Amino acid sequence: MAHDEKQIEPVAAKQGEPLYESVSKAIMRAIDEGLFAPGKRMPTTEELSQQLSVSLVTTHRAMQELVAVGVLKRVRGMGTFVVENHREMRPRIQVGVISHAEASMGDYYHGRVLDGMRQAAIEHRVDLTLMDYSQEPRTGVNGYILINPVEKELDRVAAYALEESPMIVVGALSHRIEVPSIDTDNVRLATNAVEHLYKLGHRKIGYVGGGSQLGDSRDRRRGFVQACEVLSISERDRPILDAPGYRLQPDEALKFNRMVNDHNLTAVFAGGYYLALDVYKAASTMGLRIPEDLTVVGVDDPSSASRLQPPLTTFRQPLIAMGHAAVATIRRLCDQPGTQTHSESLQAELIIRESSGTPK
């Protein structure tokens, strides 16, 4: 069977998204657009690999994903076929999305993650139910997505859900080997931040972090320390301020002022967007200009980051991709109980703006 008349466009790697997911989405779009008709045989893995300009391993993984969710089916000795009415035939499932009660679903972080979840929910016939960690388990829930749980919250949900319903963690790497997680590679993010500042000439770099009970914050702190050690930046020249939350309270702002003055800092890596805003405010009260007197690098890139004075250099996390991958994974785990899956770390993108400068 020739497939020359039906060519799928090559797929390029996207920042923050596993390549096999990009390939899977490209094949899905081709099916939706009629390039590969329901009931018809697909090109071979080798043919698709050539057309998509990706490896056989990546193509095979993408095809496996689509077989697992019921879009494709394999017939021994005949090939792989597009399932007739594959969307309508798949039963809808209910997934509980659990976050902290005080978290705002409208903020940048949660809003972007939920956008990705909603997109995937439409594709995979998933109904999302928002919950918080204080609630009891609900009947009829097929699986759970946990957003930024601390260890005791993860253990609590696992105690009532793990045996019956699959779980996946978003935004904080799971400490339980049987619970997969999807997160930004926060150690690499912090390492990249220090390397960026070092290349600009900074040798006195402070770190401001928050919420040390969360894995994200711990990983960013660890990445900061590791990068400084590799670059031979002494402990004296890499002071750390740990805030208990995601904002600097007045007493912590005073500690920040002393840290900058006592260590003659020329740069600060703020481990969160609101922490970066507080660093801006503290610098202003000290009469420091950004970046002339103090370079600032943050994390997350809401639209306001580019409108700050000066615009903030920051790391754009793949939040939509994280939410999308979480729903796709939980759907696969529900469809195929016992399926082995692994935690994924996606890469953040450094967005360089005017808050980066060379030291005086």
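How many salt bridges does a search of the whole structure find? The search finds 15. This is a predicted model.

**Stop 1: Glu65 and Arg332**

Select Glu65 and Arg332 and show their side chains. They meet in a salt bridge, with N to O at 2.7 Å. Now colour helix H3, residues 56–68, and helix H11, residues 319–335. Glu65 lies in H3 and Arg332 in H11, so this pair ties together parts that are 267 residues apart in sequence. Are these two residues buried or exposed? Both Glu65 and Arg332 are buried.

**Stop 2: Asp293 and its partners**

Centre on Asp293. Arg289 forms a salt bridge with Asp293, and their closest N and O atoms are 3.1 Å apart.

- Asp293 is buried, at 16% relative accessible area, because buried means under 20%.
- Arg289 is partly exposed, with a relative accessible area of 45%.
- Lys360 has 77% relative accessibility and counts as exposed, because the cut-off for exposed is over 50%.

Then select Asp301, Arg316, Glu349 and Arg353. Salt bridges that share partners join these four into one network.

**Stop 3**

Go to strand E1, residues 72–75, and strand E2, residues 79–82. The two strands run antiparallel, and four bridges join them. Pick Val75 and find its bridge partner in E2, Gly79.

**Stop 4: the largest pocket**

Finish at the largest pocket, which has a volume of about 860 Å³. To get there, select Asp107, His110, Asn148, Leu214 and Tyr246, the lining residues nearest the pocket's centre. Colour three helices next: H5 (108–124), H8 (215–230) and H10. These are the elements that give two or more residues to the lining. Last, colour the lining by residue class. The lining divides into 12 nonpolar, 12 polar and six charged residues.

Methods: Residues are numbered from 1 along each chain as its sequence is written. This is a predicted model: local features need pLDDT of at least 70, side-chain atom pairs count only at pLDDT 80 or more; totals for chains, interfaces and linings use all residues. Side-chain values use heavy atoms; hydrogens and water are left out. Two strands pair if DSSP finds at least two bridges between them. Buried means under 20% relative accessible area, exposed over 50%, partly exposed in between (1.4 Å probe, protein chains only). On a 1 Å grid over the protein atoms alone, a cavity is a set of points where a 1.4 Å probe fits but cannot get out, and a pocket is an open set with protein on both sides within 12 Å along at least five of seven lines; lining residues have an atom within 4 Å of a point. Grid points are joined across faces, edges and corners, and a volume is the space filled by probe spheres set on the points. Ala, Val, Leu, Ile, Met, Phe, Trp, Tyr, Cys and Pro count as nonpolar, Asp, Glu, Lys and Arg as charged, and the others, Gly among them, as polar.
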